[in-house]
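Here are my notes on this model, as numbered points. Have the structure open while you read.

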Amino acid sequence: MFIKDYISKDYPAFGVRDSIEEASEVAKEFGYSHVFIVSKGIFLGGLSQPFLEDSPEGNLDSLNIHYERFAIMEDSSLLDSIKLFHTFNANVVPVISKEEKYLGYISCDDIFNEFSKYPLFSENGAILTIQTTGLHYSMTEISQIVESNNGKIYGTFINAIKDDSVEITLKISNENLSSIDETFERYGYVVVHKHYDDEKEELLKDRFGFFQKFLEI
């Protein structure tokens with residue numbers, strides 16, 4: 001899951017003397033949200049395609065005060081890239097070395113394709129969202145509740161942490177769902193949401209929903 005294993009190089013980076021119009025056209029051709037500017041191999045920053053399209057004619061250096069300094073290190077994990085995609089409204093993120101040398105890029109599709117292989121997304125199952133007090137929160141207890149009812153956990157994430165509560169979403173196997181619900185409630189958890197429909201269309205929506213939650217971290 002390291003970024004260095006997913007670096008692509010087919011999308012060109014631009015020099016400061018390249019034209020704004022050319023950069024904008026290449027971004028549109030590739031369907032990417034940003035272009036990346038380098039000088040002597042060193043990453044300088046990125047510019048969004050809509051911004052380029054609204055800019056006057058000239059070269060990219062004329063926009064240097066607008067360069068967005070976002071990138072990910074080659075030794076980072078895929079999870080580290082997700083917040084960048086969300087924060088900068090991007091579908092492509094530059095990858096750099098510790099010396100800030102531009103190495104290539106990773107796309108949102110790369111992330112989605114990789115995570116789609118994980119049981120959290122690939123396995124048929126039920127989605128259960130529970131809420132409990134912050135002091136009561138224990139992943140060990142949550143796992144025990146599911147497994148004591150002969151269920152399996154395929155994945156989990158924390159939706160929200162507040163002063164007095166924690167909300168957690170689980171992807172679990174379809175066995176003994178009523179017993180799992182009842183056990184959670186007996187232990188003081190509130191079942192906020194449950195979705196047990198495992199039809200193919202609904203599962204695809206679930207997987208995309210999980211991915212969107214990751215992007216909002």
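1. Let's start at a strand pair: Ser39 stands opposite Ile42 of strand E3. Strand E2 (residues 34–39) and E3 run antiparallel and are joined by six bridges. Strands here are DSSP runs (E, at least two residues), helices are H or I runs of at least four, and both are numbered from the N terminus; pairing requires at least two DSSP bridges between two strands.

2. Before going on, the ground rules: this is a predicted model, where local features need pLDDT of at least 70 and side-chain atom pairs count only at pLDDT 80 or more, while totals for chains, interfaces and linings use all residues. Residues are numbered from 1 along each chain as its sequence is written, and side-chain values use heavy atoms, leaving out hydrogens and water.

3. Zooming out, the open sheet has three strands in the order E1-E2-E3, with mixed pairing. Its edges are E1 (14–15) and E3 (42–48), each pairing on one side only.

4. An unreviewed UniProt entry annotates residues 72–115 as "domain: CBS"; such annotations may be inferred rather than shown by experiment. The span is 41% helix and 30% strand, and its end C-alpha atoms lie 18 Å apart.

5. How do H3 and H4 pack? Helix H3 (residues 78–87) and helix H4 (residues 108–115) have axes 11 Å apart, at an angle of about 135°. Axes are lines fitted to C-alpha atoms over the stretch in contact, with angles from 0 to 180 degrees between N-to-C directions.
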